[in-house]
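Please open the model in your viewer and keep the selection tool at hand. The tour goes from the whole chain to single places, one selection at a time.

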Amino acid sequence: MVNTSLLKDNISDAYAYHKVVLDNGQVVDYIFIDINDKFTEFTGLGEEILNKRATDVLPGIENSSFDWIGIYGEIAQNGGKKTFSAYSEPLGKWYEVKVYSDKQDYFVTLFQDVTYHEEKKLLDKILDYTIKCQHLSAEDLDYDFFTKSIKEITGAKYVVLNLVSQEDYNVTITKSVSGISDKIKRSLENFGFQPKGAKWKTNHEGLGIKDKLSRVNDIVASEFVGDYYTMEMSYLDDILGSVSIIMPKGASLKYKEAVEMYINHIASTLKRLQLEQDLIEKVKEQELLLDNIETQVWYQKDIETYGNINKAHSEFLGIEKHKLENKSLWEVLSKEEVEVCLEGNRQVFEEKRQIKTEEWVANKNGEERLLAITKTPKLNKDGEVEFVIFSAEDITDRKELEEELKLQAQMLDIAPGAIMVHDFQGNILYANQKTFEIHGYAEEEFMNKTLHEIDTPETQELIPLRMEEIRRKGEAFFEVEHYRKDGSTFPMEVYVKLINWHGRSAMISVGSDISERKKVEKELQKSKKKYEKLAEEAPIGIMTCDNLGDLNYINNQMLRYLGSPDEKKTKEINLLEFHLLRQSEFSNRLKECLNSGEIKDFEMEYTSFWGKHLWVKIYISPLLEDNVITGAQIIADDITERKQYENKIQFLSFHDSLTGLYNRAYIEEEMKRLDTKRQLPISMLMADLNGLKLVNDAYGHKTGDKMIKKAAEILKDSCRKEDIIARWGGDEFVVLLPMTSKKSAEEIAKRVLCNCENSFIKTIPVSMSLGYATKDSFEIDLEDVLVKAENYMYKQKIAESKSKSGSVLLALLRTLQAKSFETEEHVQRMQKIGLKIGEKIGLPNEELNRLKVAVKLHDIGKVNLPEEILVKPTSPTEEEWEKIKEHPEIGYKIARATEEFSYVAEEILAHHERWDGKGYPNGLKGEEIPLLARIIAIADTFDVMANGRPYKKAVSDEDILAEFRRCSGTQFDPNLVKVFTNIYKDV
């Protein structure tokens, strides 16, 4: 007998000593008698298992796929030894076991944990099959390869691959069965059944769990087979079919995660092969179609050499197809264009994936066009790029529209439809009055909402798909459902378009409440009798036809849409053959609906036989009897008003809303379009409106807007019909003069200046500074010509600035004197006493001159006050007094707007501040108040007291001196009051 104690303590193997359990002489179990530390390390089981049966310690061991009890019992009873590797289901590990017996009914096991090595073998096998999958191509597709590899990996008895038919989603086809012997196959064939290729009705509920192997509990294992597993195979959201794995009796599926990973890889391989097969079948058809589509398409086998190209790309470049093929990009495009193109080309060839770019390319006319290019690699069976397919769409116009679209609130508020602007997070940036009304909210309530709060859950679910469509197309039509304030819901039909909203990306939606139309559609489905009654009263056009296009029914609204006086004559029209309908897209859409049963939804512009012109939204749906198409129902909704409004929005995207002139974006594009040799010489004229800031500060922006519109009128009256006039910025205008010499441009500039001479807004003269320049050679950049004109204009403006601003300010002073007591005499008296005080305190001549100017302009801010307030014979009301108190700030702004007088702006602002800090507008205190402003306050108060006002009589000398002494140190600077009282007799 072996010394077990010595053995177990001096080996690196796990050790266990056992005794078998007999029942009628048969081994039915075994008992753990002794173990070593390595046994605990390899199994996780300790001394608590001693003297216990294996079936208690390792539940289920008697049903394992490997007969542990049988093997051990044979050695214990017959002697000998044995070495094997096996998987322990209860412990979930692989072991390499050596078993021997040195005594009847007893045996020793020595083993090592080889789980890592066994799993590595399995993973290596899976990796090998995965690599083989990657090299499969559509030409050598073998479904048996998949089932055989799964069978080998899992040790299954049978593996079945069922795929959903690509032609009919409700049909499943058995593509491969592995494990069935030839004998069984022949037997099944004798019964007329062939497993491979068999078709079944797809059990969508029973395909298994996506990406997971699940045990099917309702299939009972027989004496021949064990557990049954199934797994749904899918690629993204595309269900491909299922794999079923049937294990041998007593065996369970091991390493499920690894098997699931391999089956998922098979699913992606199958999807790839299906797509490759589709591509092979369609490639010839696509080659025929390529030359008949507007999309530009071409191929490249390397990053810079053309392969085949289609007609659209050839015509875009203005080069014949056969001359382009095999040409280098360097021979066709400019250096800058090639460098941008090659950057994306290298990426698609290196990363072997589709990319999308936007690239500027010159067309055959030399115009720079923005192309949205999709670059799709075609990989060979080795995973290398065989060639790249390029498809391009000219998106220049769409991009320009997105960038330039400007919405005008006044027009939107009178629009018949609901209009909103919102960003991509659902924040509402603008909404018109109609939007508030149909949602039942006040403006402030609605603008605090987000789009997600007014969208119903059903609409919110569709937002990601719709946002993707809008980003892809730039615009979209669809229906939504919104909440009203009272909690009720209503449907809307909306047109959504990408725009640039004050420098940020946003979307504009134009919508209408279609509750009535939806109600009509719902009612129409209930019964034919009710349908006919409702149809006649419906606010939308309705008609039906048979499958040959002959009219069966037309309601009154549809007759009104067509302008038809006679229903009988109208019904003689065949909708498929009538020439006006065939010229539009209507007849083709109707034919498609009658052939396929698909609902058609589109918009069209139409002029009827009776001369009625309108835009209509058309819905065509099939009429069915016993699932057979017998005709079609056509519903039409007049959207002419909406289309007209959309056209208005389109107009605004290229025009300035204040003046009606073109905007900057438009003229920049015209500069590009007209910059050709045949337009030479081309002149540019730039005009800058003088004194606009002065007018805005003095009279407000409404008066400033009038001056801008007057300047626009002068430019239109002075230029020719063919000249393009645009508002360039706030007070700047640009005129593009094609085929105009420098001399002619000078004459136009003279006309503009001449027309300005007798133009006034209120009493303010309208004047402009002008600059012009001419391009007389094609090599000169028109942008440089504009810069030259702008520089010349600024030189003129600088030269004229003092005289122009002075004339505007003089006009403001004359206006103030004409409607108030701020007379020239009042100013002169104030200047006299102010200068006396200044001289007494030793002000230098420079400051005395500044004091004189500050006195003259101190009340210029009153120019915008109503005359009735300025000359009111009684004291101002509280409301009037608040308006009067604004004049220092307005005067400050006016002075600051002129270079000539800005140096006295601070004194104008502060001339009503008090020494004690209780003055206005800023509550300055003491010497915080500028010195000249303190002098002006004394001079102004003295003159008013000495000469009176309509609401206040003149005061005696004694009372004047008493009042100044009383207010010394509160309203007035006490030091200056002393000076004033000392010189009073001289004044």
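Predicted model: local features only at pLDDT ≥ 70, side-chain atom pairs only at ≥ 80, totals over all residues.

Residues are numbered from 1 along each chain as its sequence is written, and side-chain values use heavy atoms, with hydrogens and water left out.

Switch to a cartoon view: the protein chain has 38 helices and 32 strands, where helices (H or I, at least four residues) and strands (E, at least two) are DSSP runs numbered from the N terminus. Of the 987 residues, 47% count as buried, a word that means under 20% relative accessible area, with exposed meaning over 50% and partly exposed in between (1.4 Å probe, protein chains only).

Next, select Asn627, which sits in the loop between strand S25 (613-625) and strand S26 (628-638). Its phi is near 65°, a positive value in a residue other than glycine, and Asn627 counts as exposed because its relative accessible area is 75%.

Then select Met739, in the loop between strand S29 (732-737) and helix H28 (742-756). Met739 also is not a glycine, yet has a positive phi of about 50°, and its relative accessibility of 55% is why Met739 counts as exposed.

Where do cis peptide bonds join two residues? One joins Leu680 and Pro681, with omega about -10°, and Pro681 belongs to the loop between helix H25 (664-674) and strand S27 (682-689). Another cis peptide bond, with omega about 10°, joins Tyr920 and Pro921; look for Pro921 in the loop between helix H35 (905-910) and helix H36 (931-947).

For a last stop, select His322, which lies in helix H10 (residues 321-324) and counts as exposed because its relative accessibility is 55%.
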